[in-house]
Protein chains: 2
Amino acid sequence: VTSEFDLINRYFRRATPGALLGVGDDGAIVQPKPGNELVISTDMLVAGTHFFPDTDPQDLGWKVLAVNLSDLAAMGALPRWVLLALALPAADEDWIAAFARGFFSCAETHGVELIGGDTTRGPMNFCVTVFGEAPTGEALRRSDAQAGDDIWVSGQPGRAGLGLASLQGRCVLDAPAQAECVGALLHPLPRVRLGLALRGLATAAVDVSDGLLADLGHILEASKLSASLTLESLPTCNAFATVDADLVQDCMLSGGDDYELLFTAPINLRPRVEALADTLQLALARIGSTAPKGYKTLRLIDAKGAEVQPTRLGYDHFS
Amino acid sequence: VTSEFDLINRYFRRATPGALLGVGDDGAIVQPKPGNELVISTDMLVAGTHFFPDTDPQDLGWKVLAVNLSDLAAMGALPRWVLLALALPAADEDWIAAFARGFFSCAETHGVELIGGDTTRGPMNFCVTVFGEAPTGEALRRSDAQAGDDIWVSGQPGRAGLGLASLQGRCVLDAPAQAECVGALLHPLPRVRLGLALRGLATAAVDVSDGLLADLGHILEASKLSASLTLESLPTCNAFATVDADLVQDCMLSGGDDYELLFTAPINLRPRVEALADTLQLALARIGSTAPKGYKTLRLIDAKGAEVQPTRLGYDHFS
């Protein structure tokens, strides 16, 4: 029988030159660079709730880290370290090896070191905690959006939701659309470079994990503002063209799991945001604007200037 | 239906004056005090593996934090912050309220602030990540024990294992012994003050979570040493007197879940360790000594000076 310690040593112990002490003691030891604050985020992913139990382990290894790095991106933090706690029903070495490949592929892509964690037997569950740095006072918060700011979003929110709908048999996508949308679901790209570039530019930021409307709601609540979004300005892509328009709109507004960044920025910084899109080769769409708190928190405006109702508002794990 | 966010707000959001940003954004922000390193530890606890699914939620709330604080104690770190990620099969508000009471009771006792986490639906699972501070270079590691050091242990390892044996019907304890041992299992007291006092005194430390022999093995492996333990010197208590001697020895040597500290210290510091026991009103037993790496990593010596074999060596979640 291969023991827990052997498996951890073989697959999860790598050099951690950026930490004072890495895997293998009661705790890890780190120190943020002078002049920096430590930004911390944790996410728990459960089989059946956040991913299909038969998801390819290499994809899963990538994703459990990517969704956490997305939180650091939304804070404008530079990723540094990660902890990985996992419960598995059995110690299947091939599965663990593939999971570790995906996990470290994401870690190395983003310069993150695995400094500790925990391994136990149980229903499949991953709890990942990431640590990033931001210069003191410069991390992006949800609470600092100002009335009259533009609202921006990166990439094409809705693709992951459409990928999920396709895997669940709720729609049929052609092969390129299927590859694009399922790819967005299984292999999200955390917008780390965008997050770093938004320091000093965005007034507030959040990642689109629960759905665009729900996550915008978090900024509005924290910043005590209202907003209007123009549906026409929501970014679209070829994959969306072949699918029922109601489903596309539902995925764009309420589909989770995209890990794009939604942020607010002053109107006078529009040219800088547009230049950033060029620099990063990443679509940044201006989709609405904030306003003082009003009788309604969020208004959706269609092409004719009329207000429309979204069908559902977001994803709540307990509702 | 009460939503996830409502429940989190109601039960898990408290003031966090020691953090720069607490619960409610994509991440938390902290900064260790100048001249300090950040010590980080994470543990995942799963129903059925680490605790009985019907454990009183208030006890469980205490324990999931206590076992993590024990890791900080073993590093000689001062507890500061905690993240709590939990998966629950349903949002049972009474259960959550009781769990939160136990969790915050432990947090307040140890001056720890809850700065973030995650809540999701799934088989019951708790992943707790704790953060402590230690002055630069002073954290206790497993790897710095020296040949010829004394080996010390706090309290009475074996009580939690005996409590578990009793709950599993493997032994019968009288009422006071039952209360003591089951109490040790359900409501462990992390040795935080001891850990802090051991800075500059112990050469290496570990907490007894997997069993005394297994955890001593971690120090020996990391420090490249061997050791001998004298069975006679292992601390005992009234609860042990009424139980089968083999079971007691098994619990003392291999029972997990005690969260006492096992540490090494130079012989010339014996008086300081003994004085510390008085100061903290906590038994500290000198149970053996380390030696250079030899033909055998660990020798157990009985009252007659003969070597004995332990029945099992520790707890491995995957063996």
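Me: Two strands count as paired when DSSP finds at least two bridges between them. With that in hand, what is the bridge partner of A:I29 in strand 2 of chain B?
Reply: The partner of A:I29 is B:V39. Strands here are DSSP runs of E with at least two residues and helices are runs of H or I with at least four, both numbered from the N terminus. This is a predicted model, in which local features need pLDDT of at least 70, side-chain atom pairs count only at pLDDT 80 or more, and totals for chains, interfaces and linings use all residues. Residues are numbered from 1 along each chain as its sequence is written, chains are lettered from A and ligands numbered from 1 in the order in which they are written, and side-chain values use heavy atoms, without hydrogens and water.

Me: How many bridges join strand 1 of chain A to strand 2 of chain B, and do they run parallel or antiparallel?
Reply: There are 3 bridges, and the two strands run antiparallel.

Me: What order do the strands of that open sheet have?
Reply: The order is 1(A)-2(B)-5(B)-3(B)-4(B), a sheet of 5 strands with mixed pairing. Strand 1 of chain A and strand 4 (113-121) of chain B are the edge strands, each pairing on one side only. From one strand to the next, the twist averages 20 degrees.

Me: In what sense do strand 3 and strand 4 of chain B pair?
Reply: They pair in the parallel sense, over 8 bridges. Within this pairing, B:A87 stands opposite B:T120 of strand 4.

Me: Which strands does helix 2 of chain B touch?
Reply: Helix 2 (residues 57-74) packs on the sheet, touching strand 2, strand 3 and strand 5 (125-135) of chain B. Its direction makes about 35 degrees with that of strand 5, where axes are lines fitted to C-alpha atoms, for helices over the stretch in contact, and angles run from 0 to 180 degrees between N-to-C directions.

Me: Changing topic: how many residues does the contact take from chain A and from chain B?
Reply: Chain A gives 65 residues and chain B gives 66, with contact meaning heavy atoms within 4.5 Å.

Me: What about salt bridges between the chains, how many are there?
Reply: The count is 0, a salt bridge being a side-chain nitrogen of Lys or Arg within 4 Å of a carboxyl oxygen of Asp or Glu.

Me: Which strand of chain A gives the most residues to the side that touches chain B?
Reply: Strand 2 of chain A does, with 10 residues.
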